[in-house]
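Please read the points below with the sequence and the 3D view open beside you. They begin with charged side-chain pairs and then turn to the chain as a whole.

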Amino acid sequence: VALGGVALLAAVPLMAIIALLLKLESSGPVLITETRLGQDQKPFAMYKFRSQYVRITRDHKRKTSQLQPEFTKIGAILRRYRLDLLPQFLNVLKGEMSLVGPRPLPLKSDIVHYNGWKQERFDIKPGMTGLWQVSAQREFSPEEMMRLDMYYIWNWSFSNDVKILLRTIPMIFSHPKNISSKNRVS
């Protein structure tokens with residue numbers, strides 16, 4: 001939490017610039033929330049910068065908004081360099097996430113497949129970064145991601161967390177995530 005607070009303070013100027021650019025570029029909220037499963041499968045609202053266009057509809061009772069499948073210009077840059085995840089430092093401060101751990105699963109994920117030893121994934125807080133994010137420059141299958149998450153959990157140490165954090169920073173800038181402006185973020 002302390003390290004997350006320091007990182008959040010350091011990121012505030014960049015986050016303010018991102019928020020301003022998002023507001024200037026398109027309508028819609030600057031931050032979005034996605035319901036994810038945390039420790040003990042407890043749902044929580046995970047924060048992200050909005051990276052897609054929003055369609056706002058109004059009926060006679062209320063206004064609703066829905067993310068569109070196309071990235072904004074700023075959103076594509078945020079997603080490519082994973083800057084859309086900076087607001088998750090707030091989740092770390094709230095105690096819902098840690099800096100390192102398995103990525104939080106969407107609420108809609110098929111939890112039925114997470115039985116037996118795989119349930120241990122929910123014994124710890126999810127993280128902003130983790131072993132599979134820094135392990136390779138390719139996409140992993142869900143089963144491979146699960147195996148790396150379990151390897152991380154079973155072999156946890158403070159020094160491994162430090163190594164993952166140190167590998168995360170250069171990985172963000174040296175191997176940007178390849179996305180198309182037409183692809184939807186999951």
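1. R79 and D84 form a salt bridge in which the closest N and O atoms lie 2.8 Å apart, a salt bridge being a side-chain nitrogen of Lys or Arg within 4 Å of a carboxyl oxygen of Asp or Glu. Both R79 and D84 are buried, where buried stands for under 20% relative accessible area, exposed for over 50% and partly exposed for what lies in between, with a 1.4 Å probe and protein chains only.

2. This is a predicted model, in which local features need pLDDT of at least 70 and side-chain atom pairs count only at pLDDT 80 or more, while totals for chains, interfaces and linings use all residues. Residues are numbered from 1 along each chain as its sequence is written, and side-chain values use heavy atoms, with hydrogens and water left out.

3. A second pair joins K48 to E34, with 3.5 Å between the closest N and O atoms of this salt bridge. The pair links distant parts of the chain, since K48 belongs to strand β2 (residues 43-49) and E34 to strand β1 (residues 31-37), 14 residues apart; helices (H or I, at least four residues) and strands (E, at least two) are DSSP runs numbered from the N terminus. K48 and E34 are buried, and a network of salt bridges links E34, R36, K48, R79 and D84. A search of the whole structure gives 7 salt bridges.

4. Where do R147 and E143 sit relative to one another in helix α5? They are 4 residues apart in α5 (residues 142-154), and therefore separated by about one helical turn. R147 is exposed, at 52% relative accessible area, whereas E143 counts as partly exposed at 32%.

5. In helix α2 (residues 73-80) the buried residues are G75, A76, L78 and R79. These residues lie on the same side of α2 because they cover an arc of only 165 degrees around the axis, the arc being that of the directions from the helix axis to the C-beta atoms. After α2 comes R82, which has a positive phi, near 60 degrees.

6. For the chain as a whole, the secondary structure comes to 6 helices and 7 strands, following the pattern α-β-β-β-β-α-α-β-β-β-α-α-α along the sequence. Of its 186 residues, 39% are buried.
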